[in-house]
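Biologist: Can you walk me through this one? I'd like the layout, then the metal site, then some side chains.

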Amino acid sequence: MIIVLKPRTSERDIDRIVKRIRKFGLQPYVSKGKERTVIPVIGDERVLENVPFLSFPFVEKVMPILAPFKMVSREFHPKNTVVQARSLSVGGRKLAVIAGPCSVENREMVVKIARAVKKLGATGLRGGAFKPRTSPYSFQGLGEEGLRCLVAAREATGLAVVTEVIDTRHVELVARYADVLQVGARNMQNFELLKEVGKSGHPVLLKRGMSATIKEYLQAAEYVVHEGNDQVILCERGIRSGVEDYTRNTFDLVAISVLKELTHLPVMADPSHATGKWRYIEPASLAAVAAGADGIIVEVHLKPEEALSDGEQSILPGKFGSLMKSLRKVARAVGRTV
Ligand code: PEP
Ligand code: MN
């Protein structure tokens with residue numbers, strides 16, 4: 001960290017700040033220039049995170065050097081983390097493809113979709129049993145019955161089950177059925193939930209909050225890893241740009257490349273929620289893989305027009321098949337397989 005003082009700061013004030021820094025076991029190096037005094041501080045500056053240096057009237061600015069996350073950073077752990085859950089492997093050379101309905105609506109539909117996507121090359125099955133809906137009048141999910149349906153689909157296909165947990169009180173229940181616990185965009189900063197899924201030791205798919213910066217996103221992932229659980233998959237699912245409303249969200253494609261640079265955790269893309277329209281799922285998926293994504297999570301439905309949630313962004317199995325074909329070509333071009 002570098003602390004910049006205001007012009008004409010007195011020796012007494014410089015001494016006050018130096019003492020404060022030393023109290024935390026760090027080494028300040030006071031450097032007096034013609035106009036300004038700057039104090040570079042050597043040591044792990046994260047211990048100073050809660051010191052409000054700017055409340056000293058003679059401090060002009062504080063410039064952190066280290067990222068506010070540690071365990072998820074590539075500096076801390078240079079090699080890629082590979083998250084493994086049954087049929088699903090995310091972060092290796094082979095791309096992960098998680099497909100399935102937005103919501104589990106009944107057993108028959110989820111088993112049928114699972115069979116169809118498995119045949120076409122999916123490596124994981126998605127489907128929400130507990131749904132975080134914007135309106136309290138919208139379908140809220142089947143709850144535990146939905147989890148049972150997902151298990152039936154896993155038994156029929158061998159596909160690993162990825163499903164959302166929206167409440168700390170449900171973590172144990174959902175972990176009993178699911179292979180991967182999804183924390184959705186709306187809960188990315190639900191810190192108690194992050195701690196709880198961290199403690200569960202279960203693989204976690206943590207979606208980016210719709211208004212979260214990359215830094216905030218990685219700090220959220222740090223919560224999970226801090227609990228001793230490094231099995232965390234990140235997922236860019238579109239952000240609120242505040243400008244564009246033609247698509248449901250704005251797909252932050254370059255965030256995928258940035259995340260791959262900053263963290264060792266695998267990064268997926270969700271082209272369904274990122275675009276909100278089925279016709280853009282294929283181009284968004286191909287672009288994500290070209291940008292370095294470790295896979296995609298995509299919504300598939302047998303009758304999108306009858307879906308209880310997100311029908312307009314769900315693709316038919318046939319379209320999923322052609323998406324897989326195109327994905328293979330892009331994967332090959334960037335040295336990956338599907
Ligand atoms: C979902 O995957 O169904 C979902 C609700 O996604 P998000 O949290 O990204 O909106
Ligand atoms: Mn959805």
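Modeller: Domain bounds here come from an automatic or database domain assignment. That assignment gives domain 1 (2–63) and domain 2 (83–333). Keep in mind that this is a predicted model.

Biologist: How many Å separate the centres of domain 1 and domain 2?

Modeller: The two centres, taken over C-alpha atoms, are 44 Å apart. The C-alpha box along the principal axes is roughly 75 × 45 × 35 Å.

Biologist: And how many helices and strands?

Modeller: The protein has 10 helices and 15 strands. It has 338 residues, and 53% of them count as buried. Among contacts with a separation of 6 or more, 68% join residues 24 or more positions apart.

Biologist: Metal next. What are the protein donors of the manganese ion (ligand 2)?

Modeller: Cys102 through SG, His273 through NE2, Glu299 through OE and Asp310 through OD.

Biologist: What spacing do the donors follow along the chain?

Modeller: C-x170-H-x25-E-x10-D. His273 sits in helix H8 (residues 271–275) and Glu299 in strand E15 (residues 295–299), so that pair, 26 residues apart, links distant parts of the chain.

Biologist: Is His273 buried or exposed?

Modeller: His273 is buried, because its relative accessibility of 9% is under the 20% cut-off. Glu299 is at 1%, so Glu299 counts as buried as well.

Biologist: On to the packing. Which members of the largest nonpolar core touch the most others?

Modeller: Val197, Leu205, Leu206, Leu234 and Phe320, out of 87 residues in that core. Helix H6 (residues 214–226) supplies the largest share, seven residues. There is also a second, separate core of 16 residues, with Ile17, Ile21, Ile39 and Val41 among them.

Biologist: What does Leu234 touch?

Modeller: Leaving out residues up to four places away in sequence, Leu234 touches Leu206, Tyr217, Leu218, Ala221, Leu259, Thr263, Leu265, Pro266, Val267 and Met268.

Biologist: Why would residues three or four places apart point the same way?

Modeller: Because an α-helix has 3.6 residues a turn.

Biologist: Which residues of H9 are buried?

Modeller: Ile281, Glu282, Ala284, Ser285, Ala288 and Val289. They line one face of H9, because they fall within an arc of 165° seen down the axis. Their cover includes H7, E14, H8, E15 and helix H10 (317–333). Just after H9, Gly292 takes a positive phi of about 110°.

Biologist: What does the side chain of Asn229 reach at 3.4 Å?

Modeller: The backbone oxygen of Val197. A polar atom of the Asn229 side chain also lies 3.0 Å from the backbone nitrogen of Gln231. Beyond four places in sequence, Asn229 is in contact with Val197, Gly198, Gly201, His202, Val204 and Val224.

Biologist: Last one. Where is the place of Glu144?

Modeller: Glu144 is in helix H3 (residues 144–157). Its relative accessibility is 28%, so Glu144 counts as partly exposed.

Biologist: Which residue does the side chain of Glu144 join in a polar contact of 2.5 Å?

Modeller: Tyr177, through its side chain. Leaving aside neighbours within four places in sequence, Glu144 is in contact with Phe130, Leu173, Arg176 and Tyr177.

Biologist: How far apart are the C-alpha atoms of Glu144 and Leu181?

Modeller: They are separated by 14 Å, with the two residues 37 apart along the chain.

How values were computed
Residues are numbered from 1 along each chain as its sequence is written. Chains are lettered from A and ligands numbered from 1 in the order in which they are written. This is a predicted model: local features need pLDDT of at least 70, side-chain atom pairs count only at pLDDT 80 or more; totals for chains, interfaces and linings use all residues. Side-chain values use heavy atoms; hydrogens and water are left out. A nonpolar core is a set of buried Ala, Val, Leu, Ile, Met, Phe, Trp, Tyr and Cys residues joined through side-chain atoms within 4.5 Å. Buried means under 20% relative accessible area, exposed over 50%, partly exposed in between (1.4 Å probe, protein chains only). Helices (H or I, at least four residues) and strands (E, at least two) are DSSP runs, numbered from the N terminus. Contact means heavy atoms within 4.5 Å. A polar contact is a pair of N or O atoms within 3.5 Å; within protein, one must be able to donate a hydrogen and the other to accept it, and residues adjacent in sequence count only if both atoms are side-chain atoms. Donors are N, O and S atoms within 2.8 Å of the metal (3.2 Å for Na, K and Ca); water is not among the atoms, so sites may look incomplete. The arc is that of the directions from the helix axis to the C-beta atoms.
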